[in-house]
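Subject: Structure handover

Hello,

Here is the structure for your files. My notes on it follow below.

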Amino acid sequence: RDIEEIQQLTKDTGYTLRIHPHPNQHKILQITMRLLREVGWNVQKGPGIHVDRGELTVKLADSVDESDIEALNAKLEQESGFRLVVDN
């Protein structure tokens, strides 16, 4: 579907559009840190980015519920396409 949209935009605008083959790691880390601050988690280490797996890893100073991790992951995936792996 995305390819079709890009092709249509190319046709509509007359400009060639391409998707960069590598994600913007800096932006993904910014998004992750913002979300971690919003939920108030105390980060002990990380986040580390693993582009090949589409994951970020983080070690927290305090334990958090799995449901809270999933809620944050829903936001993170929507904004970046990546998932957070939490080491409690």
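What percentage of the 88 residues of the chain count as buried? The share is 24%, where buried means under 20% relative accessible area, exposed means over 50%, and partly exposed lies in between (1.4 Å probe, protein chains only).

Some conventions first. This is a predicted model, in which local features need pLDDT of at least 70 and side-chain atom pairs count only at pLDDT 80 or more, while totals for chains, interfaces and linings use all residues. Residues are numbered from 1 along each chain as its sequence is written, and side-chain values use heavy atoms, with hydrogens and water left out.

Overall layout

The chain has 3 helices and 3 strands, in the order α-α-β-β-α-β from the N terminus. Helices (H or I, at least four residues) and strands (E, at least two) are DSSP runs, numbered from the N terminus. The radius of gyration of the chain is 16 Å, well over the 12 Å from the globule rule for 88 residues, so the chain is more spread out than a compact globule. That radius is taken over C-alpha atoms, and the rule is 2.2 Å times the number of residues to the power 0.38. The C-alpha trace spans about 50 × 20 × 20 Å along its principal axes.

Of the contacts (heavy atoms within 4.5 Å) between residues at least 6 apart in sequence, 52% join residues at least 24 apart. The chain exposes about 6500 Å², with 48% of it supplied by carbon and sulfur atoms. Accessible areas come from the Shrake-Rupley method with a 1.4 Å probe; for residues, only the protein chains shown count as cover.

The hairpin

Strands β1 (residues 43-50) and β2 (residues 55-60) run antiparallel and are joined by 5 bridges; two strands pair if DSSP finds at least two bridges between them. His-50 has Glu-55 in β2 as its bridge partner. There are 4 residues between the strands of this hairpin, and Gly-54 takes a positive phi near 70°.

Salt bridges

Side chains of opposite charge can pair when their charged atoms come close. With a salt bridge defined as a side-chain nitrogen of Lys or Arg within 4 Å of a carboxyl oxygen of Asp or Glu, the count is 6. Among them:

- Glu-55 and Arg-53 meet at 3.1 Å, N to O. Glu-55 is partly exposed at 23% relative accessible area, as is Arg-53 at 46%.
- Asp-87 and Lys-59 meet at 3.6 Å, N to O. Asp-87 lies in strand β3 (residues 83-87) and Lys-59 in strand β2, so the pair ties together parts that are 28 residues apart in sequence. Asp-87 is partly exposed at 41%, and Lys-59 is partly exposed at 30%.
- Arg-83 and Glu-77 meet at 2.9 Å, N to O. Arg-83 is partly exposed at 29%, and Glu-77 is partly exposed at 35%.

Surface patch

Leu-9, Tyr-15 and Leu-17 form a nonpolar surface patch with about 320 Å² of accessible area together. Patches are made of residues with over 30% relative accessible area and no salt bridge; like charges are joined within 9 Å, and nonpolar side chains (Val, Leu, Ile, Met, Phe, Trp, Tyr) within 5 Å. Tyr-15 sits in the loop between α1 (2-13) and α2 (25-39), and counts as exposed because its relative accessibility is 60%.

Regards
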